[in-house]
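Work through the exercises below with the sequence and the 3D structure at hand. Each task is followed by a solution in steps.

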Amino acid sequence: MADIPIRCGWRGMAGDPLYEAYHDTEWGVPEYDPRALWEKLVLDGFQAGLAWITILRKREAFRTAFDNFDPEKVARYGEADRARLMADAGIIRSNAKIDAALQSAKIYLAMRDAGEDFSEFCWSFTGGKPLQNDFSEIGQVPAKTALAEEVAKALKAKGFKFVGPVIVYAWMQAVGMVNDHLTCCFRHEAVKR
């Protein structure tokens, strides 16, 4: 029998192949691609009030519905596209979240067109490197931090919505701006390196 790796103790993850694969290969790995950072920020906004596994199970449907999160295409969506998204049972159908996603594509492009790289903007808050935490128990991991509040405030100032400090901290963890894999988790040291 193969050894089962020790993972972070996320509720509902044990035995769920999709959730375990996300934890093992994606969560906490530093992401520097601006489009991928934007996609993950949009998805974290859709998560508001829901469990991440809900979004993870719908991620491919989101990618299909939002033209693989191509900001050029999403920024051009009109009322017909908005209606199509609201009718799509494969994604989270929320007027406010869909409107926020569409607006965020325009903001992303406006930043780019003004010479501001979204990745550089995001990573500027950590000096371009992941912050390393050494939490040994899941209860030690914060829901938000002062830095997440600062990033949330900066994103809101740009016009982004659904970017409160709790959502932003979850996003920062997901994209590897902070390494919150528990010290007992087999991914902690690998991500740290």
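**Exercise 1. Sort the residues that line the largest cavity into nonpolar, polar and charged.**

Step 1. The lining of the largest cavity divides into 8 nonpolar, 2 polar and 2 charged residues. Here Ala, Val, Leu, Ile, Met, Phe, Trp, Tyr, Cys and Pro count as nonpolar, Asp, Glu, Lys and Arg as charged, and the others, Gly among them, as polar.

Step 2. The model is predicted: local features need pLDDT of at least 70 and side-chain atom pairs count only at pLDDT 80 or more, while totals for chains, interfaces and linings use all residues. Residues are numbered from 1 along each chain as its sequence is written, and side-chain values use heavy atoms, with hydrogens and water left out.

Step 3. The lining consists of Leu-41, Val-42, Gly-45, Phe-46, Lys-97, Ala-100, Ala-101, Ser-104, Phe-160, Lys-161, Phe-162 and Val-163. On a 1 Å grid over the protein atoms alone, a cavity is a set of points where a 1.4 Å probe fits but cannot get out, a pocket is an open set with protein on both sides within 12 Å along at least five of seven lines, and lining residues have an atom within 4 Å of a point.

Step 4. The volume of the largest cavity is about 90 Å³, a volume being the space filled by probe spheres set on the grid points, which are joined across faces, edges and corners.

**Exercise 2. Which helices each supply at least two residues of that lining, and how do they pack?**

Step 1. The helices are α2 (34–47) and α6 (95–113). Helices (H or I, at least four residues) and strands (E, at least two) are DSSP runs, numbered from the N terminus.

Step 2. The axes of α2 and α6 are 10 Å apart, and the packing angle is about 160°. Axes are lines fitted to C-alpha atoms, for helices over the stretch in contact, and angles run from 0 to 180 degrees between N-to-C directions.

Step 3. α2 is therefore roughly antiparallel to α6, a term for angles over 145 degrees.

**Exercise 3. Describe the second largest cavity.**

Step 1. It holds about 40 Å³ of space.

Step 2. Its lining is made of Tyr-22, Glu-26, Lys-40, Asp-44, Trp-52, Arg-59 and Ala-174. Two or more of the lining residues come from each of α2 and α3 (52–65).

Step 3. By class, the lining has 3 nonpolar, no polar and 4 charged residues.

**Exercise 4. Which element gives the most to the lining of the largest pocket?**

Step 1. The largest pocket contains about 780 Å³ of space. It is lined by 27 residues, and those closest to its centre are Tyr-19, Gln-47, Trp-52, Ala-170 and Gln-173.

Step 2. At least two lining residues come from each of α1 (17–25), α2, α3 and α9 (165–174). α9 gives the most, with 6 residues.

Step 3. The pocket lining divides into 20 nonpolar, 4 polar and 3 charged residues.

Notes
Parallel < 35°, antiparallel > 145°, perpendicular 65-115°, else oblique.
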